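This report looks at aromatic ring pairs and at one helix packing. Please read it alongside the model.

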Amino acid sequence: MGSYVKLAKRAVETDMPVMVKKYAHQHNHVNAAYEYVLCVGDRVFIPCARERALHGVGGDLFILKTHVGYVYMRANGGLDAGFGPKSEKCCVLGPGLSFPFFMFPYTAFFTLYKGVEIGEGVVYWQPPKEALNKVKELVWEPSISRYGADEGIPELREALIQKLQKENKLVKSSVMVTAGANQAFVNLVLALCDTGDSVVMFAPYYFNAYMSFQMTGVTNILVGPGNPETLHPDADWLEKILSEAKPVPKVVTVVNPGNPSGTYIPDPLLKRISNLCREAGSWLIVDNTYEYFMYDGRKHSCIEGDHVVNIFSFSKAYGMMGWRVGYIAYPSGVEGFQNQLLKIQDNIPICASILSQHLALYSLEMGPEWVTEQVKDLVKNRDIILEALSPLGEGAVKGGEGAIYLWAKLPEQYVEDDKVVDWLATTHKVIVIPGSACGCPGHLRISFGGLTENDCRDAAEKLRRGLEDLLSNGIVQ
Ligand SMILES: Cc1ncc(COP(=O)(O)O)c(C=O)c1O
């Protein structure tokens, strides 16, 4: 039995996640190409029609149908689900309601299709020129190539403390710099949760946060509803669940403004959520990655407390996605918390890239005005995409109050949104994200941050044509 078969077998027999390595064979070389974790509830999704035709039958693939879902195996025992130079046809999505169990959106998914990209959560600009130029001068400095302090270089941390106090009104928070907001989140899950704990998220949720919980052994993820009109987290539901669930959920998490919805959580609602968490003894993690991405006069706000942790990112604001810098603002007064964070930090990145931290510092020196200047024109993109989504009808599209996303409901018969996504990409050459990846089948997430206005018009045209075709003729390959 091949090793993947053994792994899959283990996945069937145990509730523990299983680490799977995918090897890509190229010119007789075997490259360890991908690693991912299979969790209970994962399933395999094959977006390509030819591969889908093999679903459940043989060919040179066979499918192991397990309670963790389907695992596609080569007859020789090699795992064939996934992407790679050799097999760019399959992708693996996740549990019951389609949880993506590996790098679904940002790496593999987008290499699958050729088309205009309005799926990925990115911005089209680069970091400030002045900051990049300064960093160029630094590369020969010996300190750049050494390890730095786990919690971040002192100059950046000091600047961030000032920024948090001035802009976010977070006056009792300490800072840890991380390799992006995603690492910040994993760090917090490891610090706050134990295997088997329950946690709370709201649908539609940010898929990476869901995966972070799952990967670290939190199996009881309680997904609360959003208000059907506003998509705001349903605080009445939260009140009920926090008073009824035993043991009390360890963590409640929200993204503000939201990914994938692009909706903003108004200050009174954020306060109510925070109060409910405090009264119940739950932690609240607020992801503020899109703090500067607010439209139509709305203002972003943060909340502080001994049970609240805030996450921030340089990725979108300063066009620094690839530099990997984010940070955690955590309550200074909670004994032992810093040590837990440091322990985890020291075992994962040790420190965020020192060069990247300097770029972050120089970028921060440009001030929030620099970011606002980049963000202000995104409303044009949003409105262009909104127009393109209009065939879906009134009330079908929500969000876009903040962040870089619109959230669209497909007609009732398209609950299997991955099929629509596949068809839009292959037939109309426009790439979006299936809502099922965020816990809400039958939806699409569209990003309006990654393209300049002209390119956005082109993408919108393709999207509109695709949706009109879908509504008139259905999915015709
Ligand atoms: C809500 C949210 N949090 C975190 C991240 C990841 O940010 P970073 O690049 O800082 O890891 C993203 C990226 O799309 C995001 O949308």
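## Aromatic pairs and a helix crossing

Y330 and F337 are both buried. The model is predicted. The ring centres of Y330 and F337 lie 5.7 Å apart, with the planes at 85 degrees. Planes over 60 degrees apart count as edge-to-face, so the Y330 and F337 pair is edge-to-face.

In total, the structure holds 15 aromatic pairs. Another of them joins F312 and Y327, whose ring planes sit at 15 degrees, so this pair is stacked. F312 and Y327 are both buried. F312 belongs to strand β11 (residues 308-313) and Y327 to strand β12 (residues 326-331), so their pairing ties together parts 15 residues apart in sequence.

| Pair | Centre distance | Plane angle | Class |
|---|---|---|---|
| F312 and Y327 | 5.0 Å | 15 degrees | stacked |
| Y330 and F337 | 5.7 Å | 85 degrees | edge-to-face |

Ring pairs also build a cluster. Its members are Y124, W125, Y290, F293 and Y405.

Now the helices. Helix α6 (residues 181-192) packs with helix α10 (residues 337-347) at an angle of about 120 degrees. Their axes are 9 Å apart. The two helices are therefore oblique to each other. The crossing of α6 and α10 is right-handed. On the α6 side, the contact is made by Q183, N187, L188, L190, A191 and L192. On the α10 side, F337, Q340, L341, I344 and Q345 make the contact. By class, the contact of α6 with α10 has seven nonpolar and four polar residues, and no charged ones.

Conventions
Residues numbered from 1 in each chain as written. Predicted model: local features only at pLDDT ≥ 70, side-chain atom pairs only at ≥ 80, totals over all residues. Heavy atoms only, no water. Axes fitted to C-alpha atoms, helices over the stretch in contact; angles between N-to-C directions. Helix = DSSP H or I, 4+ residues; strand = E, 2+ residues; numbered from the N terminus. Parallel < 35°, antiparallel > 145°, perpendicular 65-115°, else oblique. Left-handed = near helix turned anticlockwise from the far one by under 90°. Contact = heavy atoms within 4.5 Å. Nonpolar A, V, L, I, M, F, W, Y, C, P; charged D, E, K, R; others polar. Phe/Tyr/Trp six-rings, centres within 6.5 Å; stacked < 30°, edge-to-face > 60°. Buried < 20%, exposed > 50% of the residue type's maximum accessible area, 1.4 Å probe, protein only.
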